[in-house]
Amino acid sequence: MKDQNCAYCMREENPALLDAFGIFICRLSVSDLILFKEQSHPGRCIVAYRDHVSELTELSDGERNAFFADVARAARALHTAFHPDKVNYGAYGDTGRHLHFHLVPKYKDQFEWGGVFQMDPKKAVLSQEKYQEMIGQIRAAL
């Protein structure tokens, strides 16, 4: 069942919800890959499970394995496209309650290396052209 207020669930029906923070990149096997608009960490993305579930525990073993395969596929693409020193993974959802992971590339000589990433520091918003260039790099690496 879809949550009418959820940006991930309503990506097609109400694109403004997702547009507030992200740009759809592509569908993966059981998830959607989204570029996070705030790019203090170049390449930051979200892998959102396609169905509206809140917890990993709501998934069967097969569904969970497919979701983590999507997360791993997206992380490999980020490593290929942007060459981070490390990718951090964050699963929150206290308010949104839709299962998703933030994939946050970290670079030794850049923002927040050695610390926990800020959820939305609002330090790096890019042009539409730059977002599309990044999306192209990620798609090519998938």
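How far is the sulfur of C6 from the closest cysteine sulfur, and in which residue does that sulfur lie? The sulfur of C9 is the closest, at 3.8 Å, which is too far for a bond.

The views below show a predicted model, in which local features need pLDDT of at least 70, side-chain atom pairs count only at pLDDT 80 or more, and totals for chains, interfaces and linings use all residues. Residues are numbered from 1 along each chain as its sequence is written, and side-chain values use heavy atoms, with hydrogens and water left out.

**View 1. Cysteines without a disulfide.** A disulfide is a covalent bond between the sulfur atoms of two cysteines. The rule applied here requires a pair of cysteine sulfur atoms within 2.5 Å, and by this rule the count is zero disulfides. C26 is likewise in no disulfide, since the nearest cysteine sulfur, that of C45, is 9.0 Å away. Relative accessible area sorts residues into buried (under 20%), exposed (over 50%) and partly exposed (in between), using a 1.4 Å probe and protein chains only. C6 counts as buried because its relative accessibility is 5%, and C26 counts as buried at 15%.

**View 2. Strand β5 and its two partners.** Strands are DSSP runs of E with at least two residues, helices are runs of H or I with at least four, and both are numbered from the N terminus. Strand β5 covers residues 100-106, and seven of its seven residues are buried. H100, H102, V104 and K106 point one way from the strand, while F101, L103 and P105 point the other way. Two strands pair if DSSP finds at least two bridges between them. Strand β3 (residues 45-49) runs antiparallel to β5 and is joined to it by four bridges; C45 has L103 as its bridge partner in β5. Strand β4 (residues 86-90) also pairs with β5 in the antiparallel sense, over five bridges, and here Y89 stands opposite L103.

View 3. A pair of aromatic rings is described by the distance of the centres and the angle of the planes. Rings of Phe, Tyr and Trp (its six-membered ring) pair if their centres lie within 6.5 Å; planes under 30 degrees apart count as stacked, over 60 as edge-to-face and the rest as tilted. The structure holds six aromatic pairs. In one of them, the ring centres of F67 and F101 are 5.6 Å apart and the planes lie at 70°, so the pair is edge-to-face. F67 belongs to helix α2 (residues 61-82) and F101 to strand β5, so this pair ties together parts that are 34 residues apart in sequence. F68 and F101 also form an edge-to-face pair, with 5.5 Å from centre to centre and 80° between the planes. This second pair links F68 in helix α2 with F101 in strand β5, 33 residues apart. F101 is buried, with a relative accessible area of 10%, whereas F68 is partly exposed at 33%. Ring pairs link Y49, F67, F68 and F101 into a cluster.

**View 4. Arginines over phenylalanine rings.** A charge sits over a ring if NZ of Lys or CZ of Arg is within 6 Å of the ring centre and within 35 degrees of the ring normal. The charged end of R11 sits over the ring of F24, 3.6 Å from its centre. R44 lies over the face of F36, at 4.2 Å from the ring centre.
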